[in-house]
Amino acid sequence: MIVDVHTHYPFGKHQNLDRIDRFIDLAQGFGIGWLCLLGDVLRHGQFPDEAQVREINDLTLELVRRRGDVLSGFCFLNPANQTAFCLEEMERCIAGAGFVGVKLENALNCRDRRLDPIMEKVRESNAAVLHHSWSCPWLKEAQPQFSNPADIADLAGRFPDVPIIMAHLTGCGIRGVLDVADHANVYVDTSGGQPVAGLVDYAVRKLGVDRVLFGSDAPGRSFAAQLGRIYGADLDETARQAILGGNARRLLRI
Amino acid sequence: MRIDVNTSLGCWPFQRFAQTSGTELVRHLRAEGIDRALVSSIDATFDPDLHACDADLRTQTDPHPELVPLSTVNPTLPGWERNLEGGGVPAVRLLPGYHQYGLDAVGVRKLAGALAERKGVLVIQVRLEDERSHYPLCRIPPVEMQAIRLLARALPELRILCLCCYGETAKELAGTCRNVHVDLSMIEELDTVNRLLDEVAPEQVLFGSHTPFLTTRAAVMKLQACSDPDAAAAIAAANARRLFGL
C-alpha cells in the first residue's frame, strides 16, 4: 500500500470538506491507499493563535472522523503559543483521536527551547514530528522563524529518540540531506517543489532507504508528478516499495 | 508517439545529471516512451559563444535522428540571423533571464519579427530552476509574464512556446494569447492537465519534461492522467509536430 505522508486538506482553493472523497478518489487512482493530513497550516498565516490552531485541528478531526478508513491526522501546533495549550491540543488529537504525529510549520524556529515540552510529549506518545523545512537563506526575509535543515539537525540532536520527518526533499536539496545525515532519527519526505532529477536517489544513498518517505504535498502538488519522481528514480523495487509505503507504515504504525 | 519539446544536454554547476550525452539521452527517453525530443544546450546558459555551444550540441544530436537540436540565441549579440537560415521551421530559444535582456530589447523585436515573417517559433525559457532553489549568489528572476504577453500581442502571427512556466502563468498567458504555447514540465497542481485544460486550449499545450533537470517520469505521469484522449494525443505529439514541422 502506498502511503502519502504529506497532504493538506482543506488547503488553498480546496476548502469544501465534502470534496474530500474526490481528493481520496484521485489519490486511489494512483494506487495511494493511505493519506496523512497535516492540516490547513497557512489558513491563518504564519503565527496562528490558539483559537486558530484549534480550528485547523478541528477540520482535520472532522475529516479523519469521516474517512478514518484511509486518513491519519497530524496535530498542527504553533509552539509559540502557551505550552499548556499545545500539550492539551496534543492530548485532544493524539491520545483522544488517534492522530499519528505533530506538524510544525514556520511559527517558531525549531532551535527555540519552547519546542522541548512538545518534543517530550511526542516521545511519550510514541508519535512523530513532521517539520516544514527548506534550504533557502532568503526565505528568512518573509518567514523569520522558518527552520532550515541545519535547524532540524539541532532539534534532532536534542531529541535523538524522537522521530522527525523533515519535509520537502526538493526544497532541502543536497545541502539539506547532508545537514541531517548524521542524525538517524531524521527522516525526509519527498514532497514539495519540482521533481528535481537525482535527489531521491541521492537521499537514499546518503541516508539509507529506511529514512526516505513518499509525500506529495497535494493538493498544492499533483499525485502524478510527485509519484513520478519515485517511479523515475534509479532504485530497485525493494527500495521503491519501502519509500512508497513500507517505511511510513512502520514509523507511523499505519 | 510522444515528442518532448523540453530537453537539454550539457553541464550545469548546480546539479549532477544522469544523461550527459546524446546516446544516454536517447536511451533514457526511449525507456520513458519518448520517441523524439527537442534538445538545447545547457552550456549556452553561461557561455557567451552560443554558436560554439550549438556546435557542441550538434556533435551529440547529429548521430541520433530522434534528437532535434534547438539553437539558443542572444539577440543582443550580432550573428543571430544565421540561426534562421536552413531548411525546416526556424525556431530558436531565448534565455532572457540568464542573458540579461528584456523582451522589449531592439534585438528581440527584430528577431521576433523575422521569425514571424518566416512562420517560425520563438521558444522562451522562462526559468531553468525553481527560484527558491537557486544558488544564493546566482539568483536569476524568471521572465515576466507581462513582457511575454506584450510581445505576443504585438506580433499575433508569431508563435511562441514558453518553457518551464508555472501553472497560473500558463493559464494567464495561453488563456489570453492564442499564439502562446506552454510545456507541461513545471506546471503542477492537483489533477494538473485536466485543470489546465479548463482554461487553455489543448492545441496550446505541449509535452515537455525538462530532462535532465527534472525527473522525466513526472511529466509522463502528468500527461497519462489526462482524461481526454484526444487532448492527450495532441499534447503528446501532434502539437509539437504541427508547431515545429516535425
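Val129(A) has Ile164(A) as its bridge partner in strand β6 (residues 164–166) of chain A. The model is predicted: local features need pLDDT of at least 70, side-chain atom pairs count only at pLDDT 80 or more, and totals for chains, interfaces and linings use all residues. Side-chain values use heavy atoms, without hydrogens and water.

Three bridges join β6(A) to strand β5(A), and the two run parallel. Strands pair if DSSP finds at least two bridges between them. Strands are DSSP runs (E, at least two residues), and helices are runs of H or I with at least four, numbered from the N terminus.

Strand β5(A) spans residues 128–131. Side chains in a regular strand alternate between the two faces of the sheet. Here Ala128(A) and Leu130(A) point one way, Val129(A) and His131(A) the other. All are buried (under 20% relative accessible area, 1.4 Å probe, protein chains only).

Strand β4(A), residues 101–104, runs parallel to β5(A), joined by four bridges. Val102(A) has Val129(A) as its bridge partner in β5(A). From β4(A) the chain crosses through helix α4(A), residues 116–124, to β5(A), a right-handed β-α-β crossover. Right-handed means a clockwise path from the first strand over the helix to the second, with the strands pointing away from the viewer.

Now the helices. Helix α2(A), residues 50–66, packs on α3(A), residues 83–95, at about 10°, with axes 11 Å apart. Axes are lines fitted to C-alpha atoms over the stretch in contact, and angles run from 0 to 180 degrees between N-to-C directions. The pair is therefore roughly parallel (under 35 degrees).

Key. Residues numbered from 1 in each chain as written. Chains lettered and ligands numbered in written order. Parallel < 35°, antiparallel > 145°, perpendicular 65-115°, else oblique. Buried < 20%, exposed > 50% of the residue type's maximum accessible area, 1.4 Å probe, protein only.
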